[in-house]
Protein chains: 2
Amino acid sequence: MSRVAADASAARRRHHAAVFAALGDETRLSLVSALSGGESRSIAQLTGGSRLTRQAITKHLRVLENAGVVRSARSGRESRYEFDPGPVNELKHYLTRVSEQWDEALGRLKTLVEG
Amino acid sequence: MSRVAADASAARRRHHAAVFAALGDETRLSLVSALSGGESRSIAQLTGGSRLTRQAITKHLRVLENAGVVRSARSGRESRYEFDPGPVNELKHYLTRVSEQWDEALGRLKTLVEG
DNA sequence: GCCATATGCAACAAAATGGTTGCTAATCTT
DNA sequence: AAGATTAGCAACCATTTTGTTGCATATGGC
């Protein structure tokens, strides 16, 4: 494998890890759940119902935004956040590839045993 | 929604977050990649090729094991680790549900605009 | 039995994370 | 213009994570 290809896959893995890490928190999963319905929401709205402070929620939103899971845009005096399905779909495909690799391994094992 | 149902979904979310967090690290993704081929490997084998020490790799493997992504069994003087596809498949389905929610939201928006 | 190999455990340090509080600035509303 | 709402920034704290080193223990081969 060429150097650039190795670097490219390392960069991809780094990116995947970042998105996984962004989703690796209960509060952030709740935020994703609140936003995956399609409607954008302000920080105050997203804070409502949580026991955490607005600042804590803001920090979590920034983590999600840095991972690309969420986008924000200022609208008047509020910042509205919306879900971006891209990274989540990338992860879905990544997990699918892992599963496939596993299934193929099982297939080879089966062939070995039966053959 | 009943109390127990709310608790159940909260527990599920907690579990998903734990698995996402386990995958949210480059080193651990490499380990998953090394194990998803189907063959079990010892800690020493998994450490080879990494710049990290054996103990660091051991800790990462424990994180993966606690999340259920990987299982270990002692065999003679070595601990052999193997991939468990269960949690990864759960995440795949979870992400699929998030995507579907998003797609349905887009569909409703489209209907609203066109209607 | 001896030696090399493979792992486990504990203590430690540095850095990242998750959360709070206090204060400031911008934007609506009336 | 005044007051209320919404958000940003900075400092700070506690906890967790990530990684190291040193030492102990178990197993396999000669």
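In the predicted model, 19 residues surround DNA strand D. The closest are A:Ser42, A:Ala44, A:Glu78, B:Thr53 and B:Gly76. A residue is near a strand if its C-beta atom, placed from the backbone, lies within 6 Å of it. This is a predicted model, in which local features need pLDDT of at least 70, side-chain atom pairs count only at pLDDT 80 or more, and totals for chains, interfaces and linings use all residues. Residues are numbered from 1 along each chain as its sequence is written, while chains are lettered from A and ligands numbered from 1 in the order in which they are written.

Helix H3 (43-47), H4 and strand S3 (78-83) of chain A each supply at least two residues, as does H4 of chain B. Helices (H or I, at least four residues) and strands (E, at least two) are DSSP runs, numbered from the N terminus. H4(B) gives the largest share, five residues. By class, this surface has five nonpolar, nine polar and five charged residues. Ala, Val, Leu, Ile, Met, Phe, Trp, Tyr, Cys and Pro count as nonpolar, Asp, Glu, Lys and Arg as charged, and the others, Gly among them, as polar.

DNA strand C is surrounded by 20 residues. Here the closest are A:Thr53, A:Gly76, B:Ser42, B:Ala44 and B:Glu78. Helix H4 (54-66) of chain A supplies at least two residues of this surface, and so do helix H3 (43-47), helix H4 (54-66) and strand S3 (78-83) of chain B. The largest share, five residues, comes from H4(A).

B:Ser42 is found in strand S1 (residues 41-42) of chain B. It has 16 C-beta neighbours inside 10 Å and so counts as partly exposed. A residue is buried if 20 or more other C-beta atoms lie within 10 Å of its own, exposed if 12 or fewer, and partly exposed in between, with C-beta atoms placed from the backbone. Leaving aside neighbours within four places in sequence, B:Ser42 is in contact with B:Glu78, B:Ser79 and B:Arg80. Contact means that the C-beta atoms of two residues, placed from the backbone, lie within 7 Å. B:Ser42 and B:Ser75 are 33 residues apart in sequence and 9.2 Å apart in space, C-alpha to C-alpha.

H4(A) has 13 residues. Its buried residues are A:Ile57, A:His60, A:Leu61 and A:Leu64. They cover an arc of only 100 degrees around the axis, which puts them on the same side of H4(A). The arc is that of the directions from the helix axis to the C-beta atoms. The face turned away from the buried side of H4(A) carries the exposed residues A:Gln55, A:Arg62 and A:Asn66. Just after H4(A), A:Gly68 takes a positive phi of about 85 degrees.

Chain A as a whole has five helices and three strands. Their order along the sequence is α-α-β-α-α-β-β-α. Buried residues make up 25% of its 115 residues. The C-alpha atoms of chain A fill a box of roughly 65 × 35 × 20 Å, taken along the principal axes.

The two chains also meet each other. In all, 30 residues of chain B are in contact with 30 residues of chain A. On the chain B side, helix H1 (3-23), helix H2 (26-35) and helix H5 (85-114) each supply at least two residues. H5(B) provides the largest share of that side, 14 residues.

How values were computed:
Expected span 1.5 Å × (residues − 1).
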